[in-house]
Amino acid sequence: MGIISLDLGTTNIKVACYTRDLRQIALESKTVAYIHADGFIEFDAKQYFSDIVSLIRSCVQKSAAAADWHPKQLVITGQAESLVVADAVGEPLRNGISWLDMRSRSECDELSALFDKTTCYQVTGQPEIIPTWPLTKILWLKHHEPECFNNAAKFLLLKDYIIFRLTGHFVGEHSIYPFSHYFDIVNKTYWEAPLKYCGVDVSQLPALVEPCSVVGEILPDMREMTGLPPDCVVNAGTLDHFAAMIGTGNTVNGIVSESAGTVSSIATLVENPFSAATAVPVYCGPFKGSYIYLPVCESGGISLEWFKSAFLPDISFADVDARCSRKTVDPRLTFLPYLTGVNPPEFDPNATGVFFGATIAHDAYDFALAIMCGVACLLRKNIENLQSSGIAFEKIISTGGGAKSALWSQIKADICGMPVAVPAEEEAPSLGAAIIGAVSCGFYTTYEEAAKHCVEMKTIYYPNLQNPEADMQYRLFCQLYDALGPVFSQFPSDR
């Protein structure tokens, strides 16, 4: 018996195989290829799926030698907002549009003029209409690609498309649809008013199901291509951030998880979706009737990825980390991580990234270190925003690529003033997806029982209270960061 997890990542697609007792026995990964043109960020949805098939086949082959390993469920997690426009048989009509794509800024203004913030928040759980949301890109298609829009039979999120290719069912699950801006998080139905304005009928959208529910059997041709057995079924799973929560044991109220990947976010379970004093982004959680506060910072890990790719392309992340570890933070060199605008708590899509305070003495690694500090400051601001809403917590559980850096984790602990715990399992979303499958199959009675069996913390980074000089440097950095943010967020962007 066993489980397969499929993580539809923004940076990498990952497939992992687990035994019945949640021991990982194989992991395959492939970098996602993007098409950058005219400022747009797109991807070939059919190629994306072809890569998934190859990864599953390779993972299954590697796991075949394991004693008694027989996959019972393929559980899907991953990103939410990336849009795939398809015909009646699920064939993409154009490249998929990544959530990273910011083409629909004017459409955000158009929709914001029609649907006020209070109504949007009470229905969708989102305080602002931003270019990330698929609703804005659908309206962009109506304006700029009318032929494609008129021929579209289905508007799918990426996970919907993958589920369809595997099972033949047009299905979407509740935990990703709050990211669409056309989903009612209280009634768990589509919000028809903005859809009608954009010219979309509900029949063009997938049927909605609870997160972590079984969708159906895998199509025969897909079984042949992947090597999966006939009795292996597809589980819709949940958002990658929420799977990571499960994979770190965050399945009850009072715990906070940070996903330090391409997108940085913090997440905590709550009972009432609108109990916060401020408009904190809220989503349907992975468990029936659950909700999650999830401030998402799109200019998180991607800031360091961008810098390394543009200025240190031949240097590994590990080497960048090592060189930065030998440096001292210069509080004058400040970075505002607004490369894709800024999300909560400011919500300013026109904000731009800024390096401030550079001198001739600074080199590339000083800038990389400033990026780490800037992203940590953005995390701090969101934690303080949650705390002002009456949410109390004492530590951060950090997962994702950024959590692999001891330096970055320590910086976060110092700047946020609380311990940062890093789980032993680095692939928390994959483990969380495997836990979902194990509970669904009856291998464990509850998520808590499964997590207790397989989740442990590798390292806990505590604020360095014994180094007053370093503490003062971080305080100065934070003060400059807070002072600069409101100034540079006023400059309009033409992204």
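This is a predicted model: local features need pLDDT of at least 70, side-chain atom pairs count only at pLDDT 80 or more; totals for chains, interfaces and linings use all residues.
## A hairpin to start with

Strand 4 and strand 5 make a hairpin with 2 residues between them, and Asp38, in the turn, has a positive phi of about 55 degrees. Strands here are DSSP runs of E with at least two residues, while helices are runs of H or I with at least four residues, and both are numbered from the N terminus. Strand 4 covers residues 35-37 and strand 5 covers residues 40-43, and they pair in the antiparallel sense over 3 bridges. Two strands count as paired if DSSP finds at least two bridges between them.

Residues are numbered from 1 along each chain as its sequence is written, and side-chain values use heavy atoms, with hydrogens and water left out.

Now look for 6 strands forming an open sheet with mixed pairing, in the order 3-2-1-6-15-14. Strand 3 (24-31) and strand 14 (214-217) are at the edges with a single partner strand each, so one side of each has no neighbour in the sheet. On average, neighbouring strands of this sheet are turned by 20 degrees against each other, direction ignored. Strand 1 (residues 2-8) runs parallel to its partner, strand 6 (residues 71-78), over 7 bridges. One example is Ser5, whose bridge partner in strand 6 is Val75.

Helix 1 (residues 45-63) lies across strand 1, strand 2, strand 3 and strand 6, at about 155 degrees to strand 3. Helix 6 (residues 158-167) also packs on the sheet, touching strand 1, strand 6, strand 14 and strand 15 (233-235); its direction makes about 155 degrees with that of strand 6. Contact means heavy atoms within 4.5 Å. Axes are lines fitted to C-alpha atoms, for helices over the stretch in contact, and angles run from 0 to 180 degrees between N-to-C directions.

## Two crossing helices

Helix 2 (residues 105-114) packs against helix 4 (residues 134-144) at an angle of about 110 degrees, with their axes 9 Å apart. That makes the two roughly perpendicular, a label for angles of 65 to 115 degrees. From helix 2, Glu107, Cys108, Glu110 and Leu111 meet residues of helix 4 including Leu135, Trp140 and His144. The contact has 5 nonpolar, 3 polar and 2 charged residues.

Those classes work like this: Ala, Val, Leu, Ile, Met, Phe, Trp, Tyr, Cys and Pro are nonpolar, Asp, Glu, Lys and Arg are charged, and the others, Gly among them, are polar.

## Two pockets

The largest pocket holds about 970 Å³ of space. Its lining has 39 residues, with Ala260, Gly261, Thr262, Gly400 and Gly401 nearest its centre. Helix 11 gives the largest share, 4 residues. The lining splits into 14 nonpolar, 15 polar and 10 charged residues.

The second largest pocket has a volume of about 660 Å³. Among its 20 lining residues, His36, Ile41, Leu100, Ile302 and Trp306 lie nearest its centre. Helix 10 gives the largest share, 5 residues.

A pocket is an open set of points on a 1 Å grid over the protein atoms alone where a 1.4 Å probe fits, with protein on both sides within 12 Å along at least five of seven lines; lining residues have an atom within 4 Å of a point. Volume is the space filled by probe spheres set on the points, which are joined across faces, edges and corners.

Technical notes:
Angles under 35 degrees count as roughly parallel, over 145 as roughly antiparallel, 65 to 115 as roughly perpendicular and the rest as oblique.
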